[in-house]
Amino acid sequence: MGHVPLYLNEEHLKYVTNFSTDVGVATDAGKLFENLGVGSYGFSRAFDHVFTTDPNNPRSILRDPATGIPVVSGLTSGGLTLSTTKNVHPLVHYLERSRTKKKLSLNASSYIDFKLAKGLSFRQTVSGDFRHSKSNEADYLYGQENRDQESYRLERRDELNQYTFESLLKYDKSYKKHNFNTVLGFEYMQSDNYRQESEAVGFSNDFNNNIAIADGGTTYTDNASEKLVSFFGRLDYNYDEKYLFQLSVRNDASTRFGPDSKNGFFPAASFGWVMSNEKFLSDSNLISFLKVRASYGLSGSNQISNNIFESLYRFEEAYSTISYNGTTGVKATTLANQILGWEKLREFNPGIDVTFGRGLFSLTADYYIRTSEDLLLFAPSAAAYGTDNWLQNLGEVKNEGVELELSSRLISKEDFRWSVSGQFSLNRNEVTSLGNNEQIISRIDQDTRPTEFIAKVGQPITSFYGWVYDKEIPLEWVDNPFNRFNNDCADVYVKDLNGDGIIDDDDRTELGSPYPDFEWGFNSDFTLYDFDFSFQLQGSHGAEVRVADLDQLYYASESAVNEASNFPDRDLTVHRRFTDDHIQDASFVALRNVTLGYTLPKSFTSKYNVDKLRFYVAGENLLFFTAKGYEGFNPEAAGQTSDNANTPLTAGYQRGDGPVVKTISAGINFQF
């Protein structure tokens, strides 16, 4: 057998671990498979120890003396039981599972304008965002056959109601070559979220989804609410369309923070000089537009949870129940922080815009330094406090980078036009301060795929952390090497970085960065008579990701695939998941978009009072090239299927993310 079959037939049943009829054989793996038959779903655990002749020595394989090929043994008791790790055929998750989601979204906006005087106007805007969704999940009965898990149903309802009121007072004034534009504004936003979720397990059939008839279940509700009140103003001034100046200020108050720190004040200023409007360039045939500019300002972020229950711990200590020696009590889960406030981003951004040859070639170049201050991070707390960490404003991260955009109108004729553009960007980030800490080690405690990250002064805000992979454990020291198809041993040899002959925490180091060295894009647009064709290429190079799914794909996390009990080098190995073995290059090049269209001639459409009628076919991600050796599903994936994954301190973690989606669509554009 080279693979696990989807459905078992008579031939497969010969290899299924035998069922023992002996009384009291409780550890018999085959006992759990007694109801397998023709038509049952196949899964790897059904074939455990099928070739093993000695239950105490899984490497004692019964072989044909003439060919050396393993043959079925009579062993029935292998000491194995089924776990809850879903050891079923992968297609079972598709055939015996249902996931549906119904969603209703409504966005509405209305405004009214008042002209108060010459150049003075007032606008009042009211808008709302309403989203209601219902999700249903089901794992059906036969998908759970021969497993410890049971069939289950889940129903989840989510509701978002968000209202925004904005008031703007505008004043425009021109005097000779002086031009003024001012705005004063007020904005109030209120957002209310609600979730109700019910889940139950233990259904006896697939025909009744009523959660009330299940063996047991849970129901919970989750509420979130926030308010944001903002006052802002902006002054724009230009002199003779040559010298440009803008000054803006805003004050935001967010209920995500405590009463003493809910307000944030954010000023900004920018200056521009349109040199092409000066006399010394106004008649130039080489440079048709030239502008130099610079800006400096402060902005804020309040991107932390707005959940009502979670919000309590920011300003009051929260507690959870704990039991010890039969006695129940409470312990603090986090510490209060009444001064938790806005995260601030300070940015300086000079740049230049230039166009050559009356629009033939254009260049935009930007350089920036962005310094994030008062980062909203969970930092470790002393064990004496009884908590692991608490949310604080601490640290500083500097981002420095360059962004370039080039565009060109290569051909511009009546029946043939061709334009291209390209983008290039690179960014480097560095931790310059972590408050009183030199480093913060963060961990994702996913059941079978945990991993660690480090933020360290002088390094990027996220780096993979752990031991450096050295080599595999020899096969003769692997316990039960035939336990899985294509399995990896859980533990591996790692390098002794400090050379003391001992493998311990002092041998851990930074293992890579999830941030790309550079990114680029290329766009091309053709028009030939009534046909149009465009495509977009995009690339990212140098980023790395930890592909946590490999832990399961190669069964490296299974306790059954470990070294033998008498393995002499156990102290020189660690679990594979804490090394760089599953850290892979996430570089890619993608044909992001491609479109082919045809517009019917006006001589035809004018007969039917149609201004424009265009047919098109489009594709997304039709070509997607990944780096050599990348084994994940999508190098761009940054999901949050695990708690604490892909936060600012845990970037680059891939687990359970979907593959790259390729889309082909066709449509019609009408213009009347």
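Tyr469 stands opposite Val494 in S21, and the two strands concerned, S20 and strand S21 (residues 491-494), pair in the antiparallel sense over two bridges; two strands count as paired if DSSP finds at least two bridges between them. Strands, like helices, are DSSP runs numbered from the N terminus, with helices (H or I) needing at least four residues and strands (E) at least two. These elements belong to an open sheet of three strands in the order S20-S21-S26, with antiparallel pairing. At its edges are strand S20 (469-471) and strand S26 (573-575), each of which pairs on one side only. Neighbouring strands of this sheet are turned by 65° against each other on average, direction ignored, where the axes are lines fitted to C-alpha atoms and angles between N-to-C directions run from 0 to 180 degrees.

The structure is a predicted model, in which local features need pLDDT of at least 70 and side-chain atom pairs count only at pLDDT 80 or more, whereas totals for chains, interfaces and linings use all residues. Residues are numbered from 1 along each chain as its sequence is written, and side-chain values use heavy atoms, with hydrogens and water left out. The confidence score pLDDT is the predictor's own for each residue, on a scale from 0 to 100; the mean for the protein chain is 84, and 85% of its residues reach 70 or more. Over residues 78-86, however, pLDDT stays under 50, and for this stretch the model has 30 contacts beyond four places in sequence, a contact meaning heavy atoms within 4.5 Å.

A further open sheet has four strands in the order S17-S18-S19-S22, again with antiparallel pairing. Strand S17 (439-444) and strand S22 (509-512) stand at its edges with a single partner strand each, so one side of each is left without a neighbour in the sheet. From one strand to the next, the twist averages 45°. Reading across this sheet, S17 and strand S18 (residues 451-456) run antiparallel and are joined by six bridges, with Arg443 standing opposite Glu452 in S18. S18 is in turn joined to S19 by three bridges, also in an antiparallel arrangement, and here Ile454 has Ser463 of S19 as its bridge partner. The hairpin of S18 and S19 has six residues between the strands, and in it Gly458 takes a positive phi near 95°. Three bridges then join S19 to S22, which run antiparallel, and Phe464 stands opposite Gly512 in S22.

In a regular strand the side chains alternate between the two faces of the sheet. Within strand S19 (residues 463-466), Ser463 and Tyr465 point one way, while Phe464 and Gly466 point the other way, and all are buried; buried means under 20% relative accessible area, exposed over 50%, and partly exposed in between, with a 1.4 Å probe and protein chains only.

The structure holds 28 salt bridges, each defined as a side-chain nitrogen of Lys or Arg within 4 Å of a carboxyl oxygen of Asp or Glu. Glu452 forms one of them with Arg508, the closest N and O atoms being 2.9 Å apart. This pair links distant parts of the chain, since Glu452 lies in strand S18 and Arg508 in the loop between S21 and S22, 56 residues apart. Both Glu452 and Arg508 are buried. Elsewhere, salt bridges that share partners join Arg97, Arg99, Glu137 and Asp139 into one network.

Arg99 lies in strand S1 (residues 97-117) and Asp139 in strand S2 (residues 120-139), so the pair ties together parts that are 40 residues apart in sequence. Arg99 counts as partly exposed at 41% relative accessibility, whereas Asp139 is buried with a relative accessible area of 4%. Arg293 and Asp353 form another salt bridge, with the closest N and O atoms 2.8 Å apart. Because Arg293 lies in strand S8 (residues 287-301) and Asp353 in strand S11 (residues 343-356), this pair ties together parts that are 60 residues apart in sequence. Asp353 is buried, with a relative accessible area of 17%.

For the chain as a whole, there are six helices and 31 strands, and buried residues make up 39% of the 672 residues. Residues 24 or more positions apart account for 68% of the contacts with a separation of 6 or more.
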